[in-house]
Amino acid sequence: LAQVAAVRVTASQITPDGISCGLSLKDVTPKIEHDVRTGGVRMSADTKVVVTVSLLTTHDKIRGICATATMLGVYELVSYFDAKEGWTRSGYVVLWQRGNQLISTPADHPDAIDRRVALLTGKFLDSWRLDREQTEIIAKSKN
């Protein structure tokens, strides 16, 4: 993460139950962008590093609860030579990823997910800062 200077925020698809539970990626992604920018990471549409949020939700109408697996990942697009195939390929590698589950009533779910996504975004930023600090310390010790 120490080399990450800019990111763009993306989202995977949301489940139909997520919509029933009041979730919207249009609400979540701008908040992540704001928190990441405020945390010191530049936003760029041209970067190979993406921060992706995933909200996998199920709605139990009988019990009146929504359950969402909330995941946030940071991925970098890289190219590599695939010896088996004999050519260069591209794909995303995981730089950082965290997630957890949240269960609440449908009425409370959007706010609870907002708080959970903010928590995960904060954990990413903490890891990013720590990696940068450690990299600086190592570089200084070599001089």
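Is the disulfide of C21 and C66 left-handed or right-handed, and what is the torsion about its S-S bond? The torsion about the S-S bond of C21 and C66 is about -90 degrees, so this disulfide is left-handed.

## About the model

This is a predicted model, in which local features need pLDDT of at least 70 and side-chain atom pairs count only at pLDDT 80 or more, whereas totals for chains, interfaces and linings use all residues. Residues are numbered from 1 along each chain as its sequence is written, and side-chain values use heavy atoms, with hydrogens and water left out.

## Overall build

The protein chain contains three helices and five strands, where helices (H or I, at least four residues) and strands (E, at least two) are DSSP runs numbered from the N terminus. Following the sequence, these elements come in the pattern β-α-α-β-β-β-β-α, and the C-alpha trace spans about 60 × 40 × 25 Å along its principal axes.

Among the 143 residues of the protein chain, 35% count as buried, a word that stands for under 20% relative accessible area, with exposed meaning over 50% and partly exposed in between (1.4 Å probe, protein chains only). If one takes the contacts (heavy atoms within 4.5 Å) with a separation of 6 or more, residues 24 or more positions apart account for 65% of them.

## The disulfide

The count of disulfides, each being a pair of cysteine sulfur atoms within 2.5 Å, comes to one, and it joins C21 to C66 with an S to S distance of 1.9 Å. C21 lies in the loop between α1 (16-20) and α2 (25-38), while C66 belongs to strand β4 (residues 65-82), so the pair ties together parts that are 45 residues apart in sequence.

Both ends are covered by the protein: C21 is buried, with a relative accessible area of 1%, and C66 counts as buried at 0% relative accessibility.

## The nonpolar core

A nonpolar core is a set of buried Ala, Val, Leu, Ile, Met, Phe, Trp, Tyr and Cys residues joined through side-chain atoms within 4.5 Å. The largest one here has 25 residues, and I32, V51, L55, L72 and F124 touch the most other members. At least two residues of this core are supplied by each of β1 (6-11), α2, β3 (49-60), β4, β5 (87-104) and α3 (109-142), and the largest share, seven residues, comes from α3.

When residues up to four places away in sequence are not counted, F124 touches L1, V36, V51, L72, V74 and W96.
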